[in-house]
Structures are given as structure tokens and as C-alpha cells.
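Please look through the structure shown below with this briefing beside it.

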Amino acid sequence: MAMINIKIEGVSYQVEEGLTILEAAKKCGYEIPSLCAFNHGECNQGSCRVCLVEATGARGLVASCVYPVSEGMEIKISSPAATAARRHSVELLLSNHNMNCQQCDKNGQCELLHVANVTGAREGAFQGVHSETHYDELAPGLVRDTSKCILCGRCIERCKNAHGLGILGFENRGFNTFVAPAENRSFADSPCIQCGQCVNVCPTGALMEHSEISKIDEALAAGKTVIAQAAPAVRAALGEEFGYPIGTPVTGKMAAAMRRLGFTRVYDVNFGADLTIMEEGTELLGRLQNGGTLPMITSCSPGWINYAEYNYGDLLPHLSSCKSPHQMQGAIIKSYWAEQNGIDPKDIFVVSVMPCTAKKFERQREQLKVNGIDDVDAVITTRELARMIKRGGILFDRLPDEDWDQDIMGDYTGAGVIFGVTGGVMEAALRTVYFKLTGKESEPIEFTAVRGHDAGIREASIDINGTTVNVAIASGMKSAKVLLDEIREGKSKYQFIEIMGCPGGCINGGGQPYVRECFLHGESDDIMDTYKEKRAQALYSEDERQTLRQSHNNPQIIELYEKFLGEPNSHKSHELLHTTYAAREGFNEVK
Amino acid sequence: MAKLNEAAVAQITEICQRHKDDKTPLMMILSDIQNEYGYIPLEVQELVSKQTGISVAEIYGVVTFYSFFSLTPKGKYVIGCCLGTACYVKGAQNVIDKFSELLGIKPGETSADGLFTLDALRCIGACGIAPAVSINGKVYPKVAVGQVEGIIDSYRQEAKA
């Protein structure tokens, strides 16, 4: 890459040709405030005008996020004209913002408030009419509030990049512009998969998860037996909410914190993940040996399930009939655990802590009810758990490391832990399928060919006792679509496919802590490229620390089958742990 | 979602095919659909999305950005009152208000009998003959409020004939 000479505030620097002023300045040690520019040009509309600077050769001030550096350019960030312009840009954004910051769950992590602080913008500099507000809270997973939207377009780009979907778009023009699904529909009436990737990139509180914290408060107040369970990916990211470096596993402190929030039991969903592997592995073997529908596709990710039901109704027989791990575990809590503890399932309230917003939708699916009772009664995201911990006055870093409850269930293996990263469900399943086919454990235990931490397709051929199993892994619907179209055209060469909704898997789920450079000064400059890998590593390291690393070796799973379920895919298993799917119309009739 | 009939599907598909080699086909496709099909409802946008790979939200955004595109069927006669600067200072607001009063519809709406759609336009480039009104391509120069009733009647007569 050719280097060119520039000056910033009169000091000479050499930077790569082709960079924007914003990127070049970052390399030279300057952070120019910006809103619409995000993640190396993933979104770069040049629309918010918060990053204006002076640059020689340009007419007037330039938006540094889109203006490239050139040889001999002299850039001024701190000139009176530039600082005033940036302040005015933010003041104009604030003039059409609802300013109810104390009522906003984004408070403390809001980039608009951050740039207001940095630029010195204050409320009330410009006053006038506000754009009409559109508010959508019909979808279980997501809430959209246009009174907080700054029209940066990040959400639109993320939906396209991650899924090729583009559910959101700009509607109307000028002062009446807002961001919405087509026809200003609710997410609930559009083919939105409620994955929450748009929430992850929204700089303000315009897109948020649909909070269910109040449901938990009500259940506790009503004296219900409230049991909480947390997904594998949560431990890889929760620490970020309390200042830990990205990739720090906080399993012990998370269990301790949840215990202090008043839950009767705190379980790890890894137990449910182990159970899923027993059921799904058996289902796969059955399909392989009895000429069932292949390839079989995993069914743990509710964002992916939504996508399949909206777009590939003809391929639903390929999906594993297994419920996702937390739904399985919820069903076991309300049957096996309830029976053993002599508690009426109706008095049990199960809370799942998930890295996911689509799980909020999933838990309300009719097909998941057992005898009219929901497996899970509330789903909160990793971020919501952090809010509850902060609300409880718990100093997270001072907590002791505690174990999860493991009375008659809750013990788990390393196979369960890696469910949280793309390729993890596949690897966990392969460990058990290998054992079932050969009678001995795979050596080495790991199937590293299926590992990764990003979107994109990986494939591998695994030789088990002379039988070759072709597998593929995709995360993000853009990648998944490639594999699905192959199946539709009859060209798929795989027997088993893992699909996760979010790029990188649950570690990058729509309910995970926000990753924003402007709030992460302790992290390396390339954190936007490396955070998924770091979170994945947190899970793989926990897998390595476990003595038991295959689901079929989990002693409490073995006991559960002996005492209660019989065997994997038994009649009772099917009643409690399996489900059905149905094709759905994307843009349904709205009255 | 209301389903399109086979003829409509064939028509929209043909229009999309017409522009499949264009670099940025969306505007041309929508323009042809507006002219030939008459309006661009969501079902049609879904079909265009399937054919082009452009998301429905993006198509909807373009349709709602340009006032030339319509989400609802337009009347037999589309009355476009220019409200550009020159027409406006020559009293175009009074002209469109008169149309609105006599037809009983607001700008952007279509009369119940399906005969008239009233549109407010932003400069049609006919400033020399302001205030200008354009009806199905025929331009009326220097329209006075007093002429409005006569213009409407002439189209009612034409429709009856």
C-alpha cells in the first residue's frame, strides 16, 4: 500500500493512501466524533455531519468519514470553524430527538449522548417542530421508537450485510423520513427474524430489545418459584458490561450474581445443550440409517427458524425436530424437576438469560407448549441481566466465583459450552455421534475443521469408522441461503448442516453487550474485527477446562434418561423435547 | 397478503425482465410499472423484490420518496397542479384549493367514482405560463380559479361519452 504525507494540526504523518480522513486520523491518534460511520465503512452514509473537519483542497468543511486523504493534505480538527460545525450538527440532531434520556435503556451507552458530550452540544440550541413519532412494540423481540432515531442507516446496512434481508429502509422524504419495515409495519407483520442485529448497531435507543424484566419482578412478587437459566454465550460477554476486557469468561461471577437476584435455582443451559445433543445426535443417526430427510439442519437458533419459516417453507422437513436447549431445559424443569421437588408446574416461572432477542419470540411459540404450559416464561438478554445486576446494587467484580446449582440437573460438559459459537453445535454433535457409531471417544476430542468465529460457510468431511459424514456450517442468513438453495436445487452434498442466525453465532447475538470503539478505549484498535474471536475463545477455553467434554458422558443426563425419559427420541422425549414448524407469510394481512 | 392474478404477475415479470441488464434497474422498473400497471402496491413490490433481489423496504423507500410513484390506484384523470415557486406566487394555491373543494378530495387522493386524482406538483418547468395545471399530459396555462369548474365538467362529459 502506497504511503502519503498529510498533516493534522500542523504535525506531519505518513498514512496509507485510500483511507478516509476519519480512519487516517485514528491511526495518528485522533478520534473524530462520528455517528453514521460504523465498522470500517459497513455503514458510511456521510449523513449525520458529526465528523466535519477542515481539509486543504476541499471546498468548505468535509465529512471525514467519506472524504479520502490525499498527498499534502492539511487537516484541522480543532479549528474554531470545525468545532462549531460539529457542535451544530449534533445540536440539530438533538433538536429532533425526544430527549427522555432518563427513561431510555440506552442511557450510559448512547453514542448520541457521547458525541453531544464530546462536541459540547447542549439541549435547546435549536427548537422547532419534531418529526412524527412511530412506535412499534408489537413484536416480542424488538421495539422501534423513531423519536430517538437519527437516520444514520446503520440498522439498514446491518440487516442487509448479515442476512441479505433488508427488512428496514428509509421511508418518505425530507422532514417526514423515518426508518421502518415496508409500509411502516410492525416487525411482527414483516418477515423480520427478530435477531436483534439492528439493535446491536443502533447508536441511540431507537431500536431496543423488548424488555421482560418487569415480568420477572411480577413473578417474584407473586411468590412463584422462579428458576433462572443462562445460555453458554452469555458468560463470554457479560463481563464487558462491568469493564472486563472482551473475551473474559465470567461464569462463576455470573452464577453468583444471578443467585443474588432472588432466583430459587440458577442453572446453566449447558445442561440443556447436552440434552439437545443426545436427542439431535440420535435423530441424525436415525435419519442416516433409515433413509430419513437429509441433510438434517440444526434447530437451536430461533432467528434461523424464523428465516426458514418465512423463506424456505418447503425445506422445513430438513430441520431437526429438537427444541432449542433452553426450551428443552425449561420443559424438564416443569416436569422432572417439578415432580422431584413436589411443585406444581403452574407455580414455576422459568427465566432464560440469552444472548438473543429472537428467543423472546421463540418462547411464545404455540408449538412449544407442553399441555398448554410454556416451557419458558420470560427471556432476558445479556444486557438486561447486566441491568438487573446493576439495579440490585451488586458490585460484579467483587463477587466470589460460585458454581451453578447442580442438584438433580445442571451439570454440564464442555460440549454444551461451545454451543454459543458458530460450529459449536456441530462439534458437540460430532463428538457424540462418533461415540455412538464407534463405541469409543474421538481422538483428539476436538473437531477443529468446523471451528470459526465469523460469518461464512465452512465445510468438512468426517470419517467415522469408514463412514464419511459431510457437514457444513453457516451463520448469518446470507451464508445460510447459499446452502439452502443448494438443497432446494437437489445439489447439496451434506448430511448435516449447522445454521445459526447471527454472524459468528450466539457470541455475536442481538442481545449481547454493544461493541463500540468510542466506549472501549482499553481495547486494541482492531477490536471491531477481533471481538467475536475473543468471545469464542472464552467458550473454547471453558470447554478445555472441563473434565467431561462429551454430552453422553454427563452423569445427570444419563440419570435423567434412566429415571425419567427412558432413551433419546423416546415417546416421552418427543412429548417434551421436540417440536414442529410451519411456513409463514412474510407480509401478512394487516387490518 | 392479497395475491396478484396471473396476468398481473406476467406483466410485472415482463417489466422486470426488460431491465434486467441495467446497472441500476429499479427506477426504470418502477417507472414502467407506474405507467403500465397504474400503481405500485406492496404485492407488486414483493414481486419486484423477488425478481431483482432488492429488499422490499428499499423499494418501498423509493416509491414513497418520489411523488410520481403511487401506492394506490390513480383516477382516470390525474390533475397535477403545479405549486412551484412561480406558480405559487401567481395564485396556484387558490387553484388547487378550488379543485379540492369541487372534487371533495385532498391532494394525493382519488375521487370515489375513480374519475379524478388530485396531485400537488413541485415545478413542472412551465413557469412562463404560471399557474399551470397538467391533466393526463395536457397542460392548461395561466389557470384562473373561475376556470376550474369548467375544466372538471369537460372531463365529466368526456367520461360519459
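Two strands are said to pair if DSSP finds at least two bridges between them, while the helices (H or I, at least four residues) and strands (E, at least two) are themselves DSSP runs, numbered from the N terminus. The model is predicted, so that local features need pLDDT of at least 70 and side-chain atom pairs count only at pLDDT 80 or more, whereas totals for chains, interfaces and linings use all residues. Residues are numbered from 1 along each chain as its sequence is written, and chains are lettered from A in the order in which they are written.

**The sheet of chain B**
- Four strands of chain B form an open sheet with mixed pairing, in the order β2-β1-β3-β4.
- Because β2 (116-121) and β4 (138-140) of chain B each have a single partner strand, they stand at the edges, and one side of each is left without a neighbour in the sheet.
- Strand β1 (residues 77-82) of chain B runs parallel to β2(B) and is joined to it by six bridges; I79(B) has L118(B) in β2(B) as its bridge partner.

**Helix α18 of chain A**
- A residue counts as buried if 20 or more other C-beta atoms lie within 10 Å of its own, as exposed if 12 or fewer do, and as partly exposed in between, with C-beta atoms placed from the backbone.
- Within α18 (residues 555-565) of chain A, the residues I557(A), L560(A) and L565(A) are buried.
- These residues lie on the same side of α18(A), because they cover an arc of only 50 degrees around the axis, the arc being that of the directions from the helix axis to the C-beta atoms.
- On the other side of α18(A), P555(A), I558(A), E562(A) and K563(A) are exposed.
- After α18(A) comes G566(A), which has a positive phi near 90 degrees.

**Nonpolar cores**
- A nonpolar core is a set of buried Ala, Val, Leu, Ile, Met, Phe, Trp, Tyr and Cys residues joined through C-beta atoms within 7 Å.
- The largest such core has 179 residues, and I21(A) and V53(A) have the most contacts inside it.
- Helix α15 (residues 424-438) of chain A gives the most to this core, namely seven residues.
- A second, separate core has 18 residues, among them Y77(B), I79(B), I96(B) and L121(B).

**Where the chains meet**
- Two residues are in contact if their C-beta atoms, placed from the backbone, lie within 7 Å, and the contact between the chains takes 17 residues from chain A and twelve from chain B.
- On the side of chain B that touches chain A, the largest share, seven residues, comes from α4(B).
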